[in-house]
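Biologist: I would like to learn how to read the features of a model such as this one, going from single contacts to sheets and cores. Could we take them in turn, with the general idea before the case?

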Number of protein chains: 2
Amino acid sequence: MFRSHTNGELRISDKGKQVTLAGWVQTVRKFGAITFVDLRDRYGITQLLFGEELNRELEENPLGREFVLQATGTVNERSNKNPNLPTGEIEILVSSFKILNRSAVPPFTIQDDTDGGDDLRMKYRFLDLRRNLVKKNLELRYAVNRAARNYLHGQGFMDIETPFLIKSTPEGARDFVVPSRMNPGQFYALPQSPQTFKQLLMVSGYDRYYQIVKCFRDEDLRADRQPEFTQIDCEMAFVEQDDILNMFEGMVKHIFQEVKGIAYTEKVQRMTWEDAMWNYGNDKPDIRFDMSLLNLKKPGSVYVEKQDRSELLNDTGFKVFDEAETVLAIAAPGCSEYSRKQTDELTEWVKRPQIGMKGLAFIKCNTDGTYKSSMDKFFTEEKLKAIADAAGAKAGDLVLILAGAEERTRKAISDLRMEMAERLGLRKKDEFRLLWVLDFPLFEYDEEGNRWVARHHPFTSPKPAQIDTMISNDPVIHNAEEYLKHPYANIKANAYDMVLNGNEIGGGSIRIYQRELQEKMFAALGMDKEEQLHKFGFLLGAFEYGAPPHGGIAFGFDRLCSILGGSESIRDFIAFPKNNAGRDVMLDAPATIDQKQFDELQIKLNLK
Amino acid sequence: MFRSHTNGELRISDKGKQVTLAGWVQTVRKFGAITFVDLRDRYGITQLLFGEELNRELEENPLGREFVLQATGTVNERSNKNPNLPTGEIEILVSSFKILNRSAVPPFTIQDDTDGGDDLRMKYRFLDLRRNLVKKNLELRYAVNRAARNYLHGQGFMDIETPFLIKSTPEGARDFVVPSRMNPGQFYALPQSPQTFKQLLMVSGYDRYYQIVKCFRDEDLRADRQPEFTQIDCEMAFVEQDDILNMFEGMVKHIFQEVKGIAYTEKVQRMTWEDAMWNYGNDKPDIRFDMSLLNLKKPGSVYVEKQDRSELLNDTGFKVFDEAETVLAIAAPGCSEYSRKQTDELTEWVKRPQIGMKGLAFIKCNTDGTYKSSMDKFFTEEKLKAIADAAGAKAGDLVLILAGAEERTRKAISDLRMEMAERLGLRKKDEFRLLWVLDFPLFEYDEEGNRWVARHHPFTSPKPAQIDTMISNDPVIHNAEEYLKHPYANIKANAYDMVLNGNEIGGGSIRIYQRELQEKMFAALGMDKEEQLHKFGFLLGAFEYGAPPHGGIAFGFDRLCSILGGSESIRDFIAFPKNNAGRDVMLDAPATIDQKQFDELQIKLNLK
């Protein structure tokens, strides 16, 4: 070993010890005949003191930032103690040293508050990774990994590796493919998830499986998506939905405890998808704050069992609301004194193309008990009060109202709710609120193909009570106009998402395990028998040999880490991430390959 | 949950309890009006007793092998106890049951001693995985995984994920490549190992890294190779060779303790590569038994510091030995009474093309003190005795002698040594002997290119004392005939292999961390500056910013598991393995892809 101790280890109790340290030069400070060097490694920083007798040697071999240094000396009590540093009470009086390697001047400073831009730091990621901030992120990631494994191990789960070179079965997302040299003309695919393998493991009797595993999706990258990402992938047999919810809220609570020291003792709230959409306009609501929606008006075709409050809009003659499909409101606490400039600015905000609303109506619930609105011409104060009350507004609050087409307006009010919460400081980084969202629709309607697509994936089971509906009805949509009346439109999935602070961190379902039902599902997605057998023959076959009831969940590991770390960006929690063009700018990959490789693989380029 | 207990859980102390079990029907045995069913899951087997009152129901819903059954009833003491089963003292008196899923008749029996051939079992791998034997293998694999992680965690190592979509830099083995849709004409490569990334992590200061990670090599598959395989991949900074050897023999000992209950307390033997080749003819000798080689004769160009015993062959006039480059012998214990038929059969064995020897000479060391040989015409009994003594033979032993060209003969005697050990029962599956082999040659000579190739990989450092030799000499081989006299021919690597029972289970090295030395290495391998920068510019760049001394090791996880499990085949320890043509016969992958995929990737086939 080049060291006897790390740079985070020595304390005043080690005073007098002869030690050898190694690490990187963080700073060099010369005071006349003596020199102080802060030596850094993964564990911390220790101050080295070079006395007069080493000065000449230092002058001959000057130290620079990021030089790799080995120094031997004695642990001394510092005269000028640094209470912010765990090693701040001591320093090393150096007796000899050796420069293990030199460093060019780094292209940016190795500090939390670096002067390096994103591109530069990605190109020199090996230097960026030296920064304490990035190191803390990777340490947190490892702690989450470790906590998840320990919990799952304790619950009898087995880590079983599934293959990476599999078969391409593009549903939904695109596969990355890998040409096979030994089987010319044929390709492997990289797994989008180990979904079918973990189901086969259930058929095989390994009733509690987990894996922390890389998955691959060749999608156009939105900000903060990566072509390769990591899942905590889990599956259980002989379970119902409730068993899975309990097991995995246990896991996330364990992670909170181990990684953040947070005792999350309350039961995780559960909410149906319909309630989430109805009350928050969103299937992953942030419930750190309330501001739930007032559904003033909605079309009859959706949320059929919900009752809107359209009576509050009756007989006003306000065309904007009368002509709108949907009218939704929220009450922003303590905003009744917003100025004209502020409400104008909010109006501009909802008119931006990303939100796409035509305007914003509001009601100020003044602290003196009066109501003032942008719609004063059409609404009596009594009517304004009734709406404000229904929205849960108190004196001092501001009711914000959006009107328009159902889907867009619901999304817009959800976005506005999040925006107001952000402005009001209600989205606290150190507060964590978990939520289960349940009972998603099993299908979405695909207008282009006039057919169903699986909202989660084709292996998700309908609610037990709806299996018959699915089996006994023809999945074909004969009347595209009236697809909402098709019996499949109302089938709910036995599926669940775990939401943390408004982010989906995990999702899963109870799976289909009956061949007949699985075939019906594939048919609903427009797959004929031949395609079913070509793509999923192995799974349909497996269901004939005693498949048990089973279900599972997968957590987005990168995302979970970034939220626990209080960051918006998953990239900060990945050692070697790719940019938005899917490139590793450090490696300069992807890149061209040799002609020999093309020849061996028997493929060639066909550039447009 | 569909069960209150598993099928491996209930004991006589649970007598009287009301329980619900779920699992697979292993056997159904009808005795008049009652029926016994063995119910199986991952945890064991429990006997169910269906009494008369359930008989009609059973007749209406007959159970078959591998049906998935849920049964509720009372824990009863068995009259006919089965001491071989942990649950053998009890049975469940069933009060109600439900068939959760039916099963077709499996294509082979789900038993240790199955009637299914290899191909059939691979096609139905999900059924094969139900067999207890295969389950034990995967459980062992998980136990090894867990033990390795726990040890490394305890030693301060961090699991850090490295990317799977990287850049193709084919040295040695072929890369699998992945066309990039977003970067048409460019390709990612799948990593053959995370080698350069773990070195960058050392440059970044994460001084103890590990990962249990999939790696990929597109090689023609010999028996028991897989295109994707798993490594325990580790790297440390600020270490010398000895630190790594101690750390990782600690890890393997910990695995022995945790997984096999074996306290491997003795220090792991260390042997130089030259000694291994000299004494065993092999760089991964099995040292569970001795039978070391007697080097009777060797050419002057190799093992230059070793002394052969050619004086024992002087003046015999035996042309076979006189004309041979190399003559090697071993003493097979207790074989002096081999019959003519047996020695003939051994002679045929060494003449097989795989071994390629022209013949086999032997000396019988009879128990009466006489010596009898196939070369009696040329060797006096005194000379025979001298050779036998030098080979370490005692009365009752059989000395076996091979002669021929150096490389082939050394390999042949090593093979013969292993074969004799096998025949003599010296390769015991429950005996484990570890060995470090050290100081490999850094380079091998590539005749075709008249240049050097890296024996381990291009990042391996020479022995510290030989760095100067490497830097100060021109790597070009000007005289191909005399390549052995080139200064590079004698450079030893700072590399080490861990050998278990004659198998290499891990290998690694102290790495180059100086740009100048790394460039010299690349040049020796025939890479010009441009190619160096294109392929490894990021690494050479990283070495300019304070790279610390570092080194590491990677263990072949599949192989380690198979040896610990007492099997020859790694495939038995992989949940979903590929066959020798790189195919997954269950999935039928690789397979053709859609035209749309070709179009999006902008590639086409170019079949010969």
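Modeller: Let us begin with a charge placed over a ring: B:Lys123 lies over the face of B:Tyr124, at 5.7 Å from the ring centre. In the other chain, A:Lys123 lies over the face of A:Tyr124, with 5.7 Å to the ring centre. Please keep in mind throughout that this is a predicted model.

Biologist: Turning to rings that pair with each other, how many aromatic pairs does the structure hold over all chains?

Modeller: Over all chains there are 63 aromatic pairs. A:Phe31 is partly exposed, at 48% relative accessibility, whereas A:Phe36 is buried, with a relative accessible area of 16%.

Biologist: How is the pair of A:Phe164 and B:Phe164 arranged, stacked or edge-to-face?

Modeller: A:Phe164 and B:Phe164 are stacked, at 5.1 Å centre to centre and with 5° between the planes. A:Phe164 sits in the loop between strand 6 (158-159) and strand 7 (177-179) of chain A, and B:Phe164 in the loop between strand 6 (158-159) and strand 7 (177-179) of chain B, so the pair joins two chains. Both A:Phe164 and B:Phe164 are buried. Rings can also gather in a cluster, and one such aromatic cluster is made of A:Phe443, A:Tyr445, A:Trp452, A:Tyr483 and A:Tyr488.

Biologist: How should I read a sheet, and in what order do the eight strands of the open sheet in chain A run?

Modeller: In general, strands of a sheet pair through backbone hydrogen bonds, either parallel or antiparallel. In chain A, eight strands form an open sheet of mixed pairing, in the order 6-9-10-22-21-20-17-11. Strand 6 and strand 11 (269-272) of chain A are its edge strands, each of them pairing on one side only.

Biologist: Which strands does strand 10 of chain A pair with, and through how many bridges?

Modeller: Strand 9 (residues 208-216) of chain A runs antiparallel to strand 10 (residues 228-237) of chain A, and nine bridges join them. A:Ile212 stands opposite A:Ile232 in strand 10 of chain A, and A:Val213 has A:Gln231 as its bridge partner in that strand. Strand 10 of chain A also pairs with strand 22 (residues 550-556) of chain A, in the antiparallel sense and over seven bridges; here the bridge partner of A:Glu235 is A:Gly552 in strand 22 of chain A.

Biologist: What can be said of helix 5 of chain B, and against which elements do its buried residues pack?

Modeller: Helix 5 (residues 195-203) of chain B is mostly covered, since nine of its nine residues are buried. These buried residues pack against strand 1 (18-31) and helix 3 (125-128) of chain A, together with strand 9 (208-216), strand 10 (228-237), helix 14 (529-542) and strand 22 (550-556) of chain B. Just after helix 5 of chain B, B:Gly205 takes a positive phi of about 95°.

Biologist: Which residues touch the most other members of the largest nonpolar core?

Modeller: They are B:Ile232 and B:Phe248, in a core of 84 residues. Helix 6 (residues 241-260) of chain B gives the most to this core, with nine residues. Leaving aside residues up to four places away in sequence, B:Phe248 touches residues including B:Leu152, B:Phe157, B:Trp436 and B:Phe555. A second, separate core has 83 residues, among them A:Ile232, A:Met247, A:Phe522 and B:Leu127.

Key
Residues numbered from 1 in each chain as written. Chains lettered and ligands numbered in written order. Predicted model: local features only at pLDDT ≥ 70, side-chain atom pairs only at ≥ 80, totals over all residues. Heavy atoms only, no water. Phe/Tyr/Trp six-rings, centres within 6.5 Å; stacked < 30°, edge-to-face > 60°. Buried < 20%, exposed > 50% of the residue type's maximum accessible area, 1.4 Å probe, protein only. Helix = DSSP H or I, 4+ residues; strand = E, 2+ residues; numbered from the N terminus. Lys NZ or Arg CZ within 6 Å of the ring centre and 35° of its normal. Pairing = 2+ DSSP bridges. Core = buried A, V, L, I, M, F, W, Y, C linked by side-chain atoms within 4.5 Å. Contact = heavy atoms within 4.5 Å.
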